[in-house]
Amino acid sequence: MHQQPDDPAAPRPADACPTGPGSPTRPVAGSPARSADGSPTEPSAESGAEASDVPARILVVDDDPTVAEVVAGYLDRAGYRVDRAGDGPAALARAAAYRPDLVVLDLMLPGMDGLEVCRRLRGRGPVPVIMLTARGDEDDRVLGLEVGADDYVTKPFSPRELVLRVESVLRRTRPAPAPRPPSAAGLTADPAARRATKNGTELALTLREFDLLVFFLRNPGRAFAREELMREVWGWDFGDLSTVTVHVRRLRGKVEDDPARPRLIQTVWGVGYRFDPAGREAD
């Protein structure tokens, strides 16, 4: 990717990833300790990978140890777990053993080229692949994409750009974590299951009562006018405002310990209603 000289994000010469076998090997600052096969023993504590409980595992396949070291170092510091392989058969073996979330795959590999490795990887399952090659020919790029590569990076490249490409591909291919059902004050509402509970006991709510509870749980501490509740909860731009009053009263009857003295869904005189998770006495 060409970047203008005045671009503050443009890579410095030291950031350019070497390509040839004669390139001098240089250490990557902050590189993790590695096992005998060259893969990091532990993931970096720094953040930057996909937001999830378990960082994505990246398999870097390149027969040039300098390129592999640089790429692995940048990915590790971005928060990913990184494995490495130096040829096609080793890549297939490690992919089968560790099931990576994405493969950074050099096209020019000894014994089995990257295209064949990509074909075999994709034959096993939909693992994302970013092709890495010194070739700049359009036919090679097209062929790589045709065999299943999700992106294509030509050497020399900026390792920081490669990290951004990895993040972009993972965002497109990894399933987004399911949002946690909103909950507060012993109340939980699961929109996917259309199920609400109070202290573990299921509540019998109508559809409109359920939607109102979800809205309150997602917006604690803020006062809403009845017009806002009609529009934001049910999508009504006009209607009888007493409908909101009725639904609030019915919802209170199911979630309040004492509906006659509501603490959770409070009336804000002159405004509307406010959900207070602390259940404090209304003023």
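The questions below cover strand order, helix packing and core residues in this predicted model.

Me: In what order do the three strands of the open sheet lie?
Reply: Two strands pair on one side only, β10 (223–225) and β11 (265–268), and these are the edge strands. Pairing in this open sheet of three strands is antiparallel. The order is β10-β12-β11.

Me: Which residue in β12 stands opposite I265?
Reply: β11 and β12 (residues 272–275) are paired in the antiparallel sense, over four bridges. In β12, the residue opposite I265 is F275.

Me: Which helix packs on the sheet touching β10 and β12, and at what angle to β10?
Reply: The helix that touches both β10 and β12 is α7 (residues 226–234). Another helix, α8 (residues 242–255), lies across β11 and β12 and runs at about 145 degrees to β11. For α7, the angle with the direction of β10 is about 90 degrees.

Me: Which element gives the largest share of the largest nonpolar core?
Reply: This core has 25 residues, and L187, L212, F216, L229, I265 and F275 have the most contacts inside it. At least two residues each come from β7 (187–190), α6 (207–218), α7, α8 and β12. The largest share is seven residues, and the element supplying them is α6.

Me: How many residues are in the second, separate core?
Reply: F275 belongs to the largest core, and its contacts beyond four places in sequence include L187, F216 and I265. The second core is separate and includes A68, V70, Y80 and V163. Its residue count is 24.

Definitions and conventions: Residues are numbered from 1 along each chain as its sequence is written. This is a predicted model: local features need pLDDT of at least 70, side-chain atom pairs count only at pLDDT 80 or more; totals for chains, interfaces and linings use all residues. Side-chain values use heavy atoms; hydrogens and water are left out. Two strands pair if DSSP finds at least two bridges between them. Contact means heavy atoms within 4.5 Å. Axes are lines fitted to C-alpha atoms, for helices over the stretch in contact, and angles run from 0 to 180 degrees between N-to-C directions. A nonpolar core is a set of buried Ala, Val, Leu, Ile, Met, Phe, Trp, Tyr and Cys residues joined through side-chain atoms within 4.5 Å. Buried means under 20% relative accessible area, exposed over 50%, partly exposed in between (1.4 Å probe, protein chains only).
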